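Please keep the sequence and the three-dimensional view at hand while reading.

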Amino acid sequence: MSGAEKIIEYESLSETNRAFEAEFKESFGRFLQKGWYILGREVEAFETEFAAFVGTKHCIGVASGLDALIISLECLGLPPGSDVLVPSNTYIASILAIVRAGLHPVLVEPDIRTYNISPTELARKCTPNTKAVLVVHLYGKPCKMDEICAFCTERGLKLVEDCAQSHGARFDGRMTGSFGDAGAFSFYPTKNLGALGDAGAICTDSTEFAEKIRAWRNYGSEVKYHNKYLGMNSRLDEVQAMFLRTKLRHIEEITAKKRHLAGLYFAGLDREKFILPEQNESCFDVFHIFNVRCGRRDELKSYLLENGIKTEIHYPVAPNRQGAMRGILDVQEPTPIAEEIHNTTLSLPVSFGTTEEDVRRVIEVMNRF
């Protein structure tokens with residue numbers, strides 16, 4: 001690497017948020033003057049605006065994406081120990097939520113082309129104890145929701161969407177988070193719609209379900225000091241709601257930038273050397289992550305770093321190989337497709353702060369590998 005060449009970060013949050021800095025400061029000044037920090041007007045306004053964006057009747061802000069998943073599952077009221085079908089290659093949070101809700105995760109292999117849960121595999125794993133499906137729109141690509149929704153309807157199963165990586169993604173023109181009984185979102189700072197700290201939300205069309213979730217996030221209370229449910233303290237902060245409202249006004253710009261950078265990768269990367277994400281007309285992909293697969297992944301990662309290019313691996317360890325999941329996942333069927341993905345996937349720079357010049361250099365260096 002030449003000393004004159006800049007380091008290309010995988011993700012620079014300072015660069016990503018620089019464009020919104022003036023708006024953040026202006027909003028924060030108003031926030032300080034109000035002196036209301038928990039469940040105030042900023043949260044209410046964000047919930048209304050985000051529900052309109054997703055296309056659901058309700059949005060309930062919570063403290064994190066993990067809490068959004070846990071609360072969604074707990075509020076479904078499923079029998080303890082019920083099976084929940086979940087992709088075998090998801091991030092650990094999806095599975096932690098099922099366990100924390102007192103339910104049993106059952107791993108379902110993904111489609112090797114999309115990395116999302118395979119609709120055809122769902123039927124093979126479904127048993128009388130199966131009560132719900134938790135789909136994950138991994139990397140920003142929506143799952144095949146027509147087939148999944150039909151599967152759940154035919155069998156009377158609840159459906160929860162993990163939308164942590166899919167803000168604005170659409171399947172056949174419909175937003176992720178609007179298909180299931182609940183759509184759980186994370187606004188972790190690196191997400192396409194990222195807060196400046198932890199934050200999450202749950203979207204739903206059911207008024208009854210929304211009311212239960214609102215109480216659940218606030219100690220199970222609908223009326224102050226009167227507790228209807230065994231809830232929890234998981235409230236979206238006013239200050240994070242304020243930041244999120246600012247960035248939500250720019251979400252189309254953020255999405256367009258990431259899709260443009262992804263287009264450069266599609267056009268420039270050597271497909272003889274790297275397996276690129278599948279493109280499908282029915283899926284509007286927001287490219288939270290742009291991943292490629294390579295049989296020499298670890299060598300490629302090191303080679304890129306030597307050339308001043310930082311990358312990430314989403315994810316290096318399959319869920320059934322995590323120490324925390326001993327006796328839960330490791331006793332289930334082998335997951336060779338998930339293992340193949342975990343062993344070969346590499347995530348390239350594609351953030352809002354990444355430039356065209358950055359991507360063109362990544363392409364040039366990769367094609368020399």
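The structure is a predicted model. Its largest pocket has a volume of about 680 Å³, and the second largest pocket has a volume of about 220 Å³. The structure also holds 25 salt bridges.

**The largest pocket**

- Rolling a probe the size of a water molecule over the atoms shows where empty space is left.
- A total of 33 residues line the largest pocket.
- Nearest the centre of this pocket lie Tyr91, Tyr188, Thr190, Lys191 and Tyr315.
- Helix 4 (65-75), helix 5 (92-100) and strand 8 (182-186) each contribute at least two residues to the lining of the largest pocket.
- By class, that lining consists of 16 nonpolar, 11 polar and 6 charged residues.

**The second largest pocket**

- The second largest pocket has a lining of 15 residues.
- Lys158, Asp181, Ser206, Glu208 and Phe209 are the lining residues that lie nearest its centre.
- Helix 8 (residues 207-216) provides the largest share of this lining, namely 3 residues.
- The lining of the second largest pocket divides into 4 nonpolar, 6 polar and 5 charged residues.

**Packing of helix 3 and helix 9**

- Helix 3 (residues 41-54) packs with helix 9 (residues 238-248) at an angle of about 35 degrees, and their axes are 8 Å apart.
- On the side of helix 3, the residues in contact are Arg41, Glu42, Val43, Ala45, Phe46, Glu49, Phe50 and Phe53.
- On the side of helix 9, they are Glu238, Ala241, Met242, Leu244, Arg245 and Leu248.
- This contact of helix 3 with helix 9 comprises 9 nonpolar and 5 charged residues, with no polar residues.

**Charged pairs**

- Side chains of opposite charge can pair when their charged atoms come close.
- One of the 25 salt bridges in the structure joins Glu23 to Arg249, with the closest N and O atoms 3.5 Å apart.
- Because Glu23 lies in helix 2 (residues 21-34) and Arg249 in the loop between helix 9 and helix 10 (251-268), this pair ties together parts that are 226 residues apart in sequence.

**Backbone geometry**

- The peptide bond from His314 to Tyr315 is cis, and its omega is near 15 degrees.
- Tyr315 belongs to the loop between helix 11 (297-306) and helix 12 (336-344), and this residue is also among those nearest the centre of the largest pocket.
- Leu39 is not a glycine, yet it has a positive phi of about 45 degrees.
- The position of Leu39 is in the loop between helix 2 and helix 3.

Notes:
Residues are numbered from 1 along each chain as its sequence is written. This is a predicted model: local features need pLDDT of at least 70, side-chain atom pairs count only at pLDDT 80 or more; totals for chains, interfaces and linings use all residues. Side-chain values use heavy atoms; hydrogens and water are left out. Axes are lines fitted to C-alpha atoms, for helices over the stretch in contact, and angles run from 0 to 180 degrees between N-to-C directions. Helices (H or I, at least four residues) and strands (E, at least two) are DSSP runs, numbered from the N terminus. Contact means heavy atoms within 4.5 Å. Ala, Val, Leu, Ile, Met, Phe, Trp, Tyr, Cys and Pro count as nonpolar, Asp, Glu, Lys and Arg as charged, and the others, Gly among them, as polar. On a 1 Å grid over the protein atoms alone, a cavity is a set of points where a 1.4 Å probe fits but cannot get out, and a pocket is an open set with protein on both sides within 12 Å along at least five of seven lines; lining residues have an atom within 4 Å of a point. Grid points are joined across faces, edges and corners, and a volume is the space filled by probe spheres set on the points. A salt bridge is a side-chain nitrogen of Lys or Arg within 4 Å of a carboxyl oxygen of Asp or Glu.
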